[in-house]
Amino acid sequence: ATRSRKMKAGILFVFFNTVLAIIHWNEPTAQSQQGQTNGPCGGLPFFGAGQPVTTLQPGSLMVHWQEYTPRTGTPFRIALGVNGQDGFDDWILDDHIPHMNDDESIEYCWWITVPNINCPKCSLQLTAIATDALVNGTCCEWPTQDPSRACPSLYFSCANVVINGTEDPTTFKHTYTGETGPYRRENTTWLASSPTSFFLDQTAIKVQANPLNCTFPSNSNTIGLSFMTLIGLYLL
């Protein structure tokens with residue numbers, strides 16, 4: 001479907017990208033309606049007072065998240081924290097979810113598989129890996145022990161969830177068999193379910209790039225947007 005585009009002033013667009021949250025969970029409901037730049041959940045308390053809690057059943061579940069400030073080619077990752085806001089790397093539910101390049105706020109709809117575990121306090125984490133600052137053909141790592149390979153910026157949203165499964169998570173064997181490895185600019189065509197909500201045929205090829213064909217940039221190839229913004233504002 002053809003969608004209207006809105007012109008944005010370049011300086012203001014870059015500035016807002018650096019200071020405003022870009023994502024948050026819609027379903028399940030996020031701890032906060034503001035996405036966070038500090039991992040793993042923006043410093044928000046786990047199951048804090050007054051925070052929403054969503055009960056999930058094991059099996060297929062369509063989740064929804066909002067992207068307010070689009071970042072071209074930015075992939076997403078969904079992971080689970082069991083009994084806390086940690087251990088997300090051990091409970092990846094899906095990774096390298098490709099971005100829909102658009103210049104307006106949209107909702108993403110995506111199917112995940114909720115593991116059959118009994119977890120009265122779990123955290124469902126959504127991460128946007130902002131690869132838009134990378135030079136085309138280059139990639140970055142997260143998590144990483146090598147700062148020269150680190151992704152330029154990350155955005156997080158977490159939801160408090162209860163999983164009514166039957167297995168003990170300490171003995172449950174969770175295995176993620178999807179794509180892993182370095183992140184790059186990743187995008188594909190999503191289908192409209194409404195003027196502002198989109199879903200993807202998950203049986204199709206998810207991304208339009210081969211991670212093996214990307215290289216890690218030198219420090220001079222990747223410039224943080226916040227640094228660029230400060231320069232721009234100083235010159236003004």
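Helices (H or I, at least four residues) and strands (E, at least two) are DSSP runs, numbered from the N terminus. By that numbering, F47 is found in the loop between β1 and β2. The model is a predicted one, in which local features need pLDDT of at least 70 and side-chain atom pairs count only at pLDDT 80 or more, while totals for chains, interfaces and linings use all residues. Residues are numbered from 1 along each chain as its sequence is written, and side-chain values use heavy atoms, with hydrogens and water left out.

Confidence is expressed as pLDDT, the predictor's confidence in each residue, from 0 to 100. The protein averages 79, and 76% of the residues score at least 70. The highest mean, 98, belongs to strand β2 (residues 53-56), and the lowest, 32, to helix α1 (residues 10-19). Over residues 1-21 pLDDT stays under 50, and the model has 32 contacts there (heavy atoms within 4.5 Å) beyond four places in sequence. Residues 220-236 also stay under 50, with 18 contacts beyond four places in sequence. Where pLDDT is low, the predicted coordinates should not be read in detail.

An open sheet is formed by five strands in the order β1-β3-β6-β10-β9, with mixed pairing; two strands pair if DSSP finds at least two bridges between them. β1 (23-27) and β9 stand at the edges with a single partner strand each, so one side of each lacks a neighbour in the sheet. From one strand to the next the twist averages 40 degrees, where axes are lines fitted to C-alpha atoms, for helices over the stretch in contact, and angles run from 0 to 180 degrees between N-to-C directions. Within the sheet, β6 (residues 106-114) and β10 (residues 197-199) pair in the parallel sense over three bridges. C109 stands opposite F199 in β10.

Aromatic side chains come next. Rings of Phe, Tyr and Trp (its six-membered ring) pair if their centres lie within 6.5 Å; planes under 30 degrees apart count as stacked, over 60 as edge-to-face and the rest as tilted. The whole structure contains nine aromatic pairs. The ring centres of F46 and F47 are 4.8 Å apart and the planes stand at 75 degrees, so this pair is edge-to-face. F46 is partly exposed at 26% relative accessible area, whereas F47 is buried at 18%; buried means under 20%, exposed over 50%, and partly exposed in between (1.4 Å probe, protein chains only). F47 also has a positive phi, near 55 degrees, in a residue other than glycine.

W91 and F172 have ring centres 6.0 Å apart and planes at 15 degrees, so they are stacked. This pair links distant parts of the chain, 81 residues apart: W91 lies in the loop between β4 (76-82) and β5 (92-97), and F172 in the loop between β8 (153-164) and β9 (191-194). W91 is buried, at 11%, and F172 is partly exposed, at 23%.

Ring pairs also join W25, W65, F76, Y108, W110 and W190 into a cluster. I97, in strand β5, touches W65, P75, F76, I78, W110 and W190, leaving aside residues up to four places away in sequence. I97 is buried, with 0% relative accessibility. H96, likewise in strand β5, is buried at 0% and has a positive phi of about 55 degrees although it is not a glycine.

Two cis peptide bonds may also be located. One joins G39 and P40, with omega about -5 degrees; P40 lies in the loop between β1 and β2. Another runs from W142 to P143, with omega near -5 degrees.
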